[in-house]
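Here is a short report on one protein chain.

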Amino acid sequence: MSDARAPIRTAPARPETLLVVDDHPIVIQGVRRLAEAAGVARVYEAPDIVTGYRLFHRHRPALVVADLSFRDDGLSGLSLIRRIRGLDPRARILVFSMHADPVLVSRALESGALGFALKDAGPEAFLEALAAVHAGQGYLPHALATDVAMLNRSARPAPLATLSARELQILSLLSQGKSYDAIASAMAVSYRTVINASSSMRKKLGVESRAGLVQIAVNRRNALL
């Protein structure tokens, strides 16, 4: 008589701890409910990137869910991703954003995010993304993955596609009317770093002055905020 037993099927492992960084309380509440329903034991909440970084440094959660754009801070989520990965190269970060621009998606992944989920997708898609990133797998919705792939193959890339993640963040802050000094302070970098990045952007975008750069930033405001 055979002693063979049927394999036991187990549900995908869920992270025990999770950090959500978003400046919309309703989003934080929604992520908390979904995460706890999926078995996450502890959810840390941060309304801004400074608090988010401090909580990550203190608690080292198994997974981070973060937005890209924050009120008055532009695309500061890109900076948060870089800082967290600088502190812990193994950190698993899922971007949860309304932005579907392939340039921003690509820069988020280059900064160190492992996955990208859209806020207008259903809860099932979010939980799928959560499980994939926690397992160390990349996650992109099919349509976004196609757009990013086409972006990388384009012989004539869109203007913003030539900018680095740091340059995009600076451009987003310029679109809010911030000075170079204020941008340096917000990004925790030197004034010279902002000046050099702005000079690089002017060359890439074909403008000669700060005013021209600001005009581009304002014209692209919807894509940057």
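This is a predicted model: local features need pLDDT of at least 70, side-chain atom pairs count only at pLDDT 80 or more; totals for chains, interfaces and linings use all residues.

Residues are numbered from 1 along each chain as its sequence is written, and side-chain values use heavy atoms, with hydrogens and water left out.

**Overall make-up**

The chain holds 11 helices and 5 strands. Both are DSSP runs numbered from the N terminus: helices are H or I with at least four residues, strands are E with at least two. Of the 225 residues, 44% count as buried. Buried means under 20% relative accessible area, exposed over 50%, and partly exposed in between, with a 1.4 Å probe and protein chains only. Contact means heavy atoms within 4.5 Å. Among contacts between residues at least 6 apart in sequence, 67% join residues at least 24 apart.

**Two helix pairs**

Two packed helices are described by the angle between their axes and the distance between the axes. Here the axes are lines fitted to C-alpha atoms over the stretch in contact, and angles run from 0 to 180 degrees between N-to-C directions.

| Helix pair | Axes come within | Crossing angle |
|---|---|---|
| α2 (residues 49-59) and α3 | 10 Å | roughly 15 degrees |
| α8 (residues 180-187) and α9 (residues 191-205) | 8 Å | roughly 110 degrees |

With its angle, α2 is roughly parallel to α3. Angles under 35 degrees count as roughly parallel, over 145 as roughly antiparallel, 65 to 115 as roughly perpendicular and the rest as oblique. The crossing of α2 and α3 is right-handed. A crossing is right-handed if the near helix is turned clockwise from the far one by less than a right angle, and left-handed if anticlockwise. From α2, the contact uses I49, G52, Y53, F56 and H57; from α3, it uses S76, G77, L80, R83, I84 and L87. By class, this contact of α2 with α3 has 6 nonpolar, 4 polar and 1 charged residues. Ala, Val, Leu, Ile, Met, Phe, Trp, Tyr, Cys and Pro count as nonpolar, Asp, Glu, Lys and Arg as charged, and the others, Gly among them, as polar.

Helices α8 and α9 are roughly perpendicular to each other. Their crossing is right-handed. Y180, D181, I183 and A184 of α8 meet Y191, V194, I195, S198 and R202 of α9. The classes in the contact of α8 with α9 are 6 nonpolar, 1 polar and 2 charged residues.

D181 sits in α8 and is exposed, at 53% relative accessibility. Its C-alpha atom is 9.6 Å from that of R192, 11 residues apart along the chain.

**The annotated aspartate**

Which residue does UniProt list for "modified residue: 4-aspartylphosphate"? The record, an unreviewed entry, lists D67. Such annotations may be inferred rather than shown by experiment. D67 lies in the loop between β3 (63-66) and α3 (76-87). D67 is buried, with a relative accessible area of 4%. Leaving aside residues up to four places away in sequence, D67 touches V21, D22, G77, F96, S97 and K119.

**Positive phi values**

R60 is a residue other than glycine with a positive phi, near 45 degrees. R60 lies in the loop between α2 and β3 and is partly exposed, at 39% relative accessibility. A188, also not a glycine, has a positive phi of about 60 degrees. A188 belongs to the loop between α8 and α9. A188 is exposed, with a relative accessible area of 64%.
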